[in-house]
Amino acid sequence: MRLKYYRLPCTYSLMAAPIPHCHFTTPSTLPNHPMLKKARLNPHLQIPKFAQKPIKTPSLKEVCKQASLQEAFQTLTRLFTEQNSLPFCLEESYSSVLELCASKKALSHGQQVHAHMIKSSAVCDSVFLTTRLVFMYGKCGCLSIAEKMFDKMSQRTIFTWNAMIGAYVSNGEPLRALNLYREMRVSGVSLDSCTFPSVLKACGELNNTRCGTEIHGLAIKCGYDSIAFVVNSIVAMYAKCGNLDGARQLFDSMTEKDDIVSWNCIISAYAANGQSVEALGLFRDMQKVGLAMNTYTFVATLQACEDSFFVKLGMEIHAAILKASHDVDVYLVNALITMYARCGKMNEAARIFYKMNDKDYISWNAFLSGFVQNGLYEEALKFFHDMQDADRKPDQVSVLNVIAASGRLGNLLKGMELHAYAIKSGFDSDLQIGNTIIDMYAKCGNVDYMGRAFDRMLDKDFISWTTIIAGYAQSKAYLRALEFFLKVQMEGMDVDAMMIASILLACGGLKNIPYLKEIHGYILRRGVSDLELQNSLIAVYGECENIDYAKRMFESIKFKDVVSWTSMITCYLHNGFSNEALELVYFMKETNVELDSIALVSILSGAASLSALKKGKEIHGFLIRKGFILEGLLANSLVDMYARCGDLENSYKVFNCMRHKSLALWTSMINANGMHGRGQVAIDLFNRMKDESIIPDHITFLVLLYACSHSGLIDEGRELLEVMQYDYHLEPWPEHYACLVDLLGRANRLEEAYQFVETMQIEPTAEVWCALLGACRVHPNKEMEQIAAQKLLELGPENPGNYVLVSNIFAASGRWKDVEDVRVRMKGSGLKKNPGCSWVEIGNKIHIFMARDKSHPRSDEIYNKLAQITETLKTKGGYVAQTKYVLHNVEEEQKVQMLYGHSERLAIAYGLLGTPDGTPIRVTKNLRVCGDCHIFCKLVSKFFERELVVRDANRFHHFDKGVCSCGDYW
């Protein structure tokens, strides 16, 4: 804001101020003025010697207009030195220099002038000069001295009040500015037009629309509403308060729109409120009017270019700036850096940044923020060090950005280092930095430090509470998240959708249905439900295995988006209803909702679960037709889908097409080979991956050990566990140990497996004992069976599969009383055995069969076909039913009939009925294939000349010409 001052009569003439020598230093005889104790005065300026003949020199006012502090001080010194020949107005001279100091924010120079004014007694009774000093100190950020000057004034003009109100506003004290304005009104001081900009800006900063509207009314009453800069201030106030309609209405009502400031003001208003299209539309309208653009126009318009959609226009504006002027203002250059960073053009931003001669803090911070905004976190940390090397002391904005970058990288050490720096610099008291520190610790997974950082914060806002609750929920500290949510309610704070989403995440993690329903009720009562929360409720009910509530929630949504459909599809998949998930896809297509990559990944997962190869190929074709880039999660899902559908060849095709193979993709391909019993190929892939300098993780080693387990690669499995621990310093999970126990047990090295369990570095879990007990089923060992069964039921009493395994082990040994005891315990725990079922994809439909199932429409044909198959295998292949695999205490003939009715046989019989001769039949079973059905499948592949691809709970079996790919090792 530029204050208006009227020239007062000049009371200080040459004769009134006889100063023989005037240098701008403070002599030892200068009074000890309280306001100048902290002043640091520069050495006196060297005065050049002037020629004897008269020469025309520019006036002090003209020199100050040229904005040169050094020349202004030289001219003022010359005026005092040659006062006999150069009469001048003392007030005007001081006023011009003080105004220049204010514009340059040159506090030390301003204090020198003030010191000289005290010496010359120029300030003693001059309201005009004292007002100038208030203005100068306010502009230079020295609010305390400005206040002292103001308070000591016995007389004040409207200009004095304006200067002090402006000082409060420019120093971030809008509330004090409004309080002073009210005091001025009570004092009866008449307002002028210059009062309004500062007061209106204070209203905008406080988001006080009511006060701003009152002052707008006062401006109309006083007749100042026709003055352009007053109207511009009102427009800016409404925009700052979020009332863009009011700002636009006022702008449109202006009869004359030839003031560039008015256009800049309304363009800035829309840009600052994220309405880029409207801002840029106004920019086009301004161009049509033919107004010349200035720096502020360009800055406001560049601010509107907020993402890559506007990059072309941003580049056009950049070209216009270069065409308009070769000397570009630093503020404008900073706006260009920010624009290119927002649009993702960091190379362009770098080119501009490194060409700058004079970089200020905003320049450095704009470029640093660009790295963080574009996910270039490593580059952000490196640039931060470059900034320090350039002797730029990091400010709060710099520290805020690098703390955020450390969190995104999960770099706890760097984050702690920056936290320490923030404490040392006093930045940690800043609310925004405090919230970012909490978020950083949450993303680094350190909930203890996160909690401590939160407790250290003196002032907490709603974002602080939202961040800590989200941090606990995302770090699986679900109970702590719920505890803090309760504190929020006790504090009486409003709860928004984001906080509730974190609480829903905690409910899902705890699988706490009662609390989930309570939160659901809270959402409905408070009326905070939106589509995003409704989608979250579907997902969380699904995680809590409450399909009915999830379905009801889904059906209650009138306008479903792609997330709604994806949440319900995922809910079905999570709970084992893959067929229902794929059926829902057909309904989704009818609604014309566009599928996104996340939805497609879920659908591919459903196809993989069902081994629905045709459906998987349809989705693959859809991805190609719609132009989806096959990389990342989509590529991984395709590889996994083809592998789980038994089509390893297409898995390789997708894998080989990827130019940049991630760790996840390599792991998917290794797992694909493992589940198909190709352990050595999986190890070869792992070695290729290492040659590409890709570092494996826990999951990579888990699928490798799984591959070794199903291929009998004992030495290789042991070696891989050692490589994991000693070469990559990864601590094995219980699942890794379980794989090695399974590997040793399958190879009939039970004693060795048991010794390994006994000497494990961690306490053996249920998974480890389950692996040992499973080995005892293949290679009976009564003593070890008893130990493993007891441990398994102690450690995993909530898993029905554990009871079934123990029961089957006892049944195989004829221990029917023990079998009954186990079944009673299982029933008492409220657990049920998952019934065995198999399914086959025929005619673009999944056909599901249970054991001895007769629900299929073609059931009679299926059983007749199965009888023909069994008879053929008996006569040609010598097939005899292996009743030892029937773990029920029934008669022998009944055992035979039970084997004949196994679900996979029904699926194979229907496959032979419903597919052309010579084509493969793909069957999936949810349990392990029994030994008798394994023999049955081998004989079918030989005598009916069909390849059978059977996926059971453990692995794939490729039956061809009487041989299985597993080598009878499963």
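**Packing of helices α33 and α35, with selected residues**

Helices α33 (residues 597-610) and α35 (residues 632-644) pack with their axes 8 Å apart, at an angle of about 15°. That angle makes α33 roughly parallel to α35 (angles under 35 degrees count as roughly parallel). The model is predicted, with local features needing pLDDT of at least 70 and side-chain atom pairs counting only at pLDDT 80 or more, while totals for chains, interfaces and linings use all residues. Residues are numbered from 1 along each chain as its sequence is written, and side-chain values use heavy atoms, leaving out hydrogens and water.

**Helix contact**
- The crossing of α33 and α35 is left-handed.
- On α33, the contact (heavy atoms within 4.5 Å) is made by S597, L600, V601, L604, A607, A608 and S609.
- On α35, the contributing residues are L633, L634, S637, L638, D640, M641 and R644.
- The residues of this contact comprise 9 nonpolar, 3 polar and 2 charged.

**Loop residues with positive phi**
- N592, in the loop between α32 (578-590) and α33, has a positive phi of about 65° although it is not a glycine.
- N592 is exposed, with a relative accessible area of 67% (exposed means over 50%, buried under 20%).
- S611 lies in the loop between α33 and α34 (613-625), and its phi is near 55°, a positive value in a residue other than glycine.
- S611 counts as buried, at 6% relative accessibility.

**A residue of helix α45**
- S807 is found in helix α45 (residues 800-812) and counts as buried at 5% relative accessibility.
- Not counting residues up to four places away in sequence, S807 touches V819, V822 and R823.

Methods: Axes are lines fitted to C-alpha atoms, for helices over the stretch in contact, and angles run from 0 to 180 degrees between N-to-C directions. Helices (H or I, at least four residues) and strands (E, at least two) are DSSP runs, numbered from the N terminus. Angles under 35 degrees count as roughly parallel, over 145 as roughly antiparallel, 65 to 115 as roughly perpendicular and the rest as oblique. A crossing is left-handed if the near helix is turned anticlockwise from the far one by less than a right angle, and right-handed if clockwise. Ala, Val, Leu, Ile, Met, Phe, Trp, Tyr, Cys and Pro count as nonpolar, Asp, Glu, Lys and Arg as charged, and the others, Gly among them, as polar. Buried means under 20% relative accessible area, exposed over 50%, partly exposed in between (1.4 Å probe, protein chains only).
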